[in-house]
Amino acid sequence: MALCGGVGAMALPSELIVHIFSFLSDRDKLRASAVCSRWRECLFYPALWTELKLRIGGGGCSSSDETPKLEFLMRKFGSFVRDLQLELAPVEGNLSHQNSDPPSARVDQPPGPDSDPQHKERWRDAVATYLDQVLCVFTSIRNNRNLQKLSLYGDTFILQQEGLLDSSHLHLIHQGDKKINEIQQLFMEVLSNSRQLRWLSCSFMLGLVTSCSLSCLSNPSAETLQHLSLLDHQLGPLVSPSELDRLSNLHSLALDFTDFTSELCGLLASPRRTPLHRLSLLLNGATLEFKSLEGTATEDNWKALVRVSANLRVYVMALEVDSSELLRVLKPSLPLERLHLDSYSMPVTDATLELISQQYNKTLTHFLLLRDGPDFPDLSINRNEDPLVLLTWRCTQLAVLVIHGYTVWSHNLVAISRLRGSSLRVLTVSEESIDFDPDQSVCVEGDPVHNLVKEVSLGLGRVWQPCLDSSVFLSEPTQHFHHELRAFSMGM
């Protein structure tokens with residue numbers, strides 16, 4: 001790079017170099033810091049690192065190999081970063097053994113003395129690395145008073161692969177109990193020292209949040225906090241009514257469905273609070289064995305909440321939940337905007353889809369119907385109209401429809417595309433879910449797949465193709481929920 005008069009880039013003022021580097025991604029900034037000491041000095045200027053997004057693990061190398069990089073970044077920027085987004089996940093498949101059982105059928109125990117020794121050792125190494133990385137993060141930000149956004153996701157589902165994993169298993173790790181206690185204390189210090197926290201999201205961070213954590217949040221941050229997301233696989237609720245009552249300016253909230261009690265809903269319906277705009281609820285069938293739906297928000301609670309928060313919209317993700325349980329929680333007054341039904345052994349029924357299409361015909365915009373099972377149920381059997389077609393017809397605001405694991409007849413798919421047209425921004429259907437009526441194939445010339453693509457594309461007013469990669473649908477569901485609720489809570 002040369003400038004007029006032969007003056008090189010090294011002669012530029014530091015302020016200008018810092019401004020130029022502000023347009024680089026975090027990864028490119030770190031690469032540029034290796035060029036020379038002058039660039040390194042400018043690239044580590046605090047103004048360039050007010051926002052830090054990190055994902056540790058899940059790539060092609062061991063998570064422990066990335067710990068030194070995390071330590072370096074947190075040591076440099078942890079004390080002044082304002083927006084920290086961190087995902088901690090071990091390498092995909094690093095801990096898992098071959099297991100074709102559905103999640104609900106897996107044993108609720110970590111690898112024991114009789115399990116594969118190599119698998120057991122990998123499990124221990126991964127959890128130990130996870131604990132060290134979390135300690136590193138919270139040690140670095142414990143005194144950060146400028147922190148405004150803190151978003152944490154720990155992919156403990158992959159760590160476990162056997163069922164629910166909680167802090168009771170940490171005695172299997174060297175100093176595991178001691179480390180998790182230290183982590184919990186550091187997290188409470190972060191909340192206590194914060195002064196302008198606006199976003200707090202903690203999803204599936206093994207043993208991090210306790211029932212006492214939120215009580216440590218400073219009074220200034222209790223006034224400024226606008227988004228709260230606390231999700232875990234543990235048994236007890238993470239938010240008490242008294243703690244929620246302090247957070248009078250919340251705009252968005254994300255909780256386990258079983259923790260959204262009548263009392264919490266009643267508090268949110270208070271007219272002295274800022275109206276709630278977004279509510280995300282995770283209903284995990286694996287936890288219903290331990291956490292009852294008794295005491296959750298009633299129809300009257302929902303009505304009272306909607307009266308105060310007229311613009312409230314709700315996002316529900318249900319994992320491996322029986323249709324009878326779904327019918328219990330989907331109250332008529334619940335202002336449902338997004339619904340994600342994901343299962344292996346518990347397919348939804350046509351009656352459930354009928355209820356959804358009738359109750360939420362004015363509010364539902366996103367509907368994901370996924371099933372990772374060996375067979376593909378046909379919801380239209382013994383019905384004059386396919387329930388998915390009826391849902392598309394009735395839900396006039398529907399903009400996103402994703403289907404996998406259920407039979408979708410080609411002529412019904414064409415009908416769906418024509419009913420909503422270009423307003424259906426996303427229509428994603430896996431190729432293996434689509435079936436063709438042999439009687440219709442006789443009457444139509446040419447390749448049936450080509451004709452289907454042509455007809456659906458005409459209906460949508462854009463080029464359309466069936467999805468060929470099922471991994472697009474079958475991503476880790478809690479991670480999907482974590483990402484989606486963030487976008488949903490921000491109004492995206």
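A: The protein chain contains 18 helices and 14 strands, taken as DSSP runs (helices H or I of at least four residues, strands E of at least two) and numbered from the N terminus. The model is predicted: local features need pLDDT of at least 70, side-chain atom pairs count only at pLDDT 80 or more, and totals for chains, interfaces and linings use all residues. Residues are numbered from 1 along each chain as its sequence is written, and side-chain values use heavy atoms, leaving out hydrogens and water.

The structure holds 13 salt bridges, each a side-chain nitrogen of Lys or Arg within 4 Å of a carboxyl oxygen of Asp or Glu. One of them joins Arg328 to Glu294, with the closest N and O atoms 3.2 Å apart. Arg328 belongs to helix H12, while Glu294 sits 34 residues away in the loop between strand E7 and helix H11. Arg328 is partly exposed at 38% relative accessible area, and Glu294 is exposed at 60%; buried means under 20%, exposed over 50%, and partly exposed in between (1.4 Å probe, protein chains only). Glu294, Glu325 and Arg328 are linked in a salt-bridge network.

Another bridge pairs Glu484 with Arg338, at 3.8 Å between the closest N and O atoms. This pair connects helix H18, which carries Glu484, with strand E9, which carries Arg338, across 146 residues. Glu484 is partly exposed at 28%, whereas Arg338 is buried at 8%.

Glu354 and Arg394 form a further bridge, with a closest N and O separation of 3.1 Å. Glu354 is in helix H13 and Arg394 in helix H14, 40 residues apart.
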